[in-house]
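The following paragraphs guide a new reader through one protein structure. Please keep the sequence and the model in view while reading.

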Amino acid sequence: ITFTYNNEKYAKIAYDSLYPDNEGFLDAHVDKNKLICYIENEKITTVLNTIEDLIHCEKVVEMTSEIV
């Protein structure tokens with residue numbers, strides 16, 4: 001999953017906000033103005049739950065900051 005922001009600063013803010021909550025469930029890194037997340041697990045339910053959680057958390061980050 002790739003989230004695109006206005007600039008690299010905002011992508012880093014999102015990374016710092018999202019990654020601790022999902023550590024162990026995904027690998028993520030910032031590339032310029034993008035937050036790129038890789039999700040891998042043997043169980044599809046875990047993958048889907050992680051995606052749902054990631055999107056929900058990202059929406060909260062956007063709503064509580066000025067990174068939109």
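This is a predicted model: local features need pLDDT of at least 70, side-chain atom pairs count only at pLDDT 80 or more; totals for chains, interfaces and linings use all residues.

Which residue in strand 3 is the bridge partner of Ala-28? The partner is Cys-37. Strand 2, covering residues 26–31, and strand 3, covering residues 34–39, run antiparallel and are joined by 6 bridges.

The connection between these strands deserves attention next. Strand 2 and strand 3 form a hairpin with 2 residues between the strands. Lys-32 is found in the loop that links them. The backbone of Lys-32 has a positive phi of about 60 degrees, although this residue is not a glycine. With a relative accessibility of 62%, Lys-32 counts as exposed, because the cut-off for that class is over 50%.

Is Cys-37 buried or exposed? Its relative accessible area is 4%, under the limit of 20%, and therefore Cys-37 is buried. Cys-57 has a relative accessible area of 18%, which also lies under 20%, so Cys-57 is buried as well. A disulfide is a covalent bond between the sulfur atoms of two cysteines. How many disulfides does a search of the whole structure find? The search finds 0.

Attention now turns to helix 1, which spans residues 8–22. Side chains of opposite charge can pair when their charged atoms come close. The structure holds 1 salt bridge, and in it the side chains of Lys-12 and Glu-8 meet, with a distance of 3.5 Å from N to O. That distance falls within the 4 Å cut-off, and the pair therefore qualifies as a salt bridge. Where do Lys-12 and Glu-8 lie? Both lie in helix 1, 4 residues apart, which is about one turn of the helix.

What separation do the C-alpha atoms of Lys-9 and Val-30 have? These atoms are separated by 9.6 Å, while the two residues are 21 residues apart along the chain.

Key:
Residues are numbered from 1 along each chain as its sequence is written. Side-chain values use heavy atoms; hydrogens and water are left out. Two strands pair if DSSP finds at least two bridges between them. A disulfide is a pair of cysteine sulfur atoms within 2.5 Å. Buried means under 20% relative accessible area, exposed over 50%, partly exposed in between (1.4 Å probe, protein chains only).
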